[in-house]
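Here is a friendly walk through one structure, written for someone who likes to see the numbers behind the words. Please have a look at the sequence and the coordinates before reading on.

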Amino acid sequence: MVDYAALADLADRLFEASDDDDELLAAMLDPLDGEILGALLASDLLNAYQVFYYFFRETPDELTKERLQLHAASDLARGVVIDEVDIYDVIFSLEGGEPVLLITDGEATLARFEGEQAYTDLVRYLDESL
C-alpha cells in the first residue's frame with residue numbers, strides 16, 4: 001500500500017519539475033516503481049488527460065483534451081466519455097492498470113481497444129468504419 005502523503009509529495013515534485021510539459025511529465029513517470037506508478041495513475045493527483053498522454057503519447061483534439069482535463073485520474077476506473085460519434089460514446093478507462101478505449105451505444109460495445117496502441121487503433125477504426 002502506497003502512503004498517500006508520500007504520493008502527493010511525489011506528484012508535487014513531478015509537476016514542479018515538468019512545468020506543465022506533458023511529454024516531460026510522461027517521461028518522468030516512466031521509471032517509477034509499478035506500485036507507485038499504478039497508485040499515481042489511479043489517484044486524484046493526476047487528471048485523466050495526464051494518464052491518457054502517459055499511455056498514448058498523443059495529444060487528442062482540443063475538446064477531448066478538455067474533457068479529460070476535467071476528470072481526475074481516479075474517474076478512469078469507471079470510464080470517462082471523451083467523444084461522441086453519431087449515436088456512440090467513446091470511453092477511456094483503465095482496467096487492471098491498462099488503458100482501454102470503448103465505442104458503445106450505452107448498451108452494447110461496438111468496438112474495444114486495449115494497450116498502448118489503443119488510441120491509434122481507435123482513430124483508424126473511426127476513420128474506416130464510422
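Predicted model: local features only at pLDDT ≥ 70, side-chain atom pairs only at ≥ 80, totals over all residues.

Residues are numbered from 1 along each chain as its sequence is written, and side-chain values use heavy atoms, with hydrogens and water left out.

Four of them form an open sheet in the order 1-2-3-4, with antiparallel pairing. Strand 1 (80–85) and strand 4 (109–114) are the edge strands, each with a single partner, so one side of each has no neighbour in the sheet. From one strand to the next, the twist averages 20°. Here helices (H or I, at least four residues) and strands (E, at least two) are DSSP runs numbered from the N terminus, and two strands pair if DSSP finds at least two bridges between them.

Strand 3 (residues 98–104) pairs with strand 4 in the antiparallel sense over 5 bridges. Within strand 4, Glu114 is the bridge partner of Val100. Helix 6 (residues 118–129) packs on this sheet and touches strand 1, strand 2 (88–95), strand 3 and strand 4; its direction makes about 145° with that of strand 4. Contact means heavy atoms within 4.5 Å, and angles run from 0 to 180 degrees between N-to-C directions, with axes fitted to C-alpha atoms, for helices over the stretch in contact.

**Helix 5**

Next comes helix 5 (62–69). Its buried residues are Thr64, Lys65, Arg67 and Leu68. They cover an arc of only 160° around the axis, which puts them on the same side of helix 5; the arc is that of the directions from the helix axis to the C-beta atoms. These buried residues pack against helix 2 (22–29), helix 4, strand 1 and strand 2. Buried means under 20% relative accessible area, exposed over 50%, and partly exposed in between (1.4 Å probe, protein chains only).

**Two positive phi angles**

Most residues other than glycine have a negative phi. Arg57 has a positive phi, near 50°, and sits in the loop between helix 4 (48–56) and helix 5. Asp86 also has a positive phi, of about 55°, although it is not a glycine. Asp86 lies in the loop between strand 1 and strand 2 and is exposed, with a relative accessible area of 67%.

**Salt bridges**

The whole structure holds 7 salt bridges, each a side-chain nitrogen of Lys or Arg within 4 Å of a carboxyl oxygen of Asp or Glu. The table lists some of them.

| Pair | N to O distance |
|---|---|
| Arg57 and Asp30 | 2.6 Å |
| Glu84 and Arg67 | 2.9 Å |
| Arg124 and Asp121 | 3.2 Å |

Arg57 lies in the loop between helix 4 and helix 5 and Asp30 in the loop between helix 2 and helix 3 (34–41), so their pair ties together parts 27 residues apart in sequence. Arg57 is partly exposed at 36% relative accessibility, and Asp30 is partly exposed at 39%.

Glu84 belongs to strand 1 and Arg67 to helix 5, so this pair ties together parts 17 residues apart in sequence. Glu84 is partly exposed, at 43%, whereas Arg67 is buried, at 18%.

Arg124 and Asp121 are 3 residues apart in helix 6, separated by about one helical turn. Finally, salt bridges that share partners join Glu95, Arg112 and Glu114 into one network.
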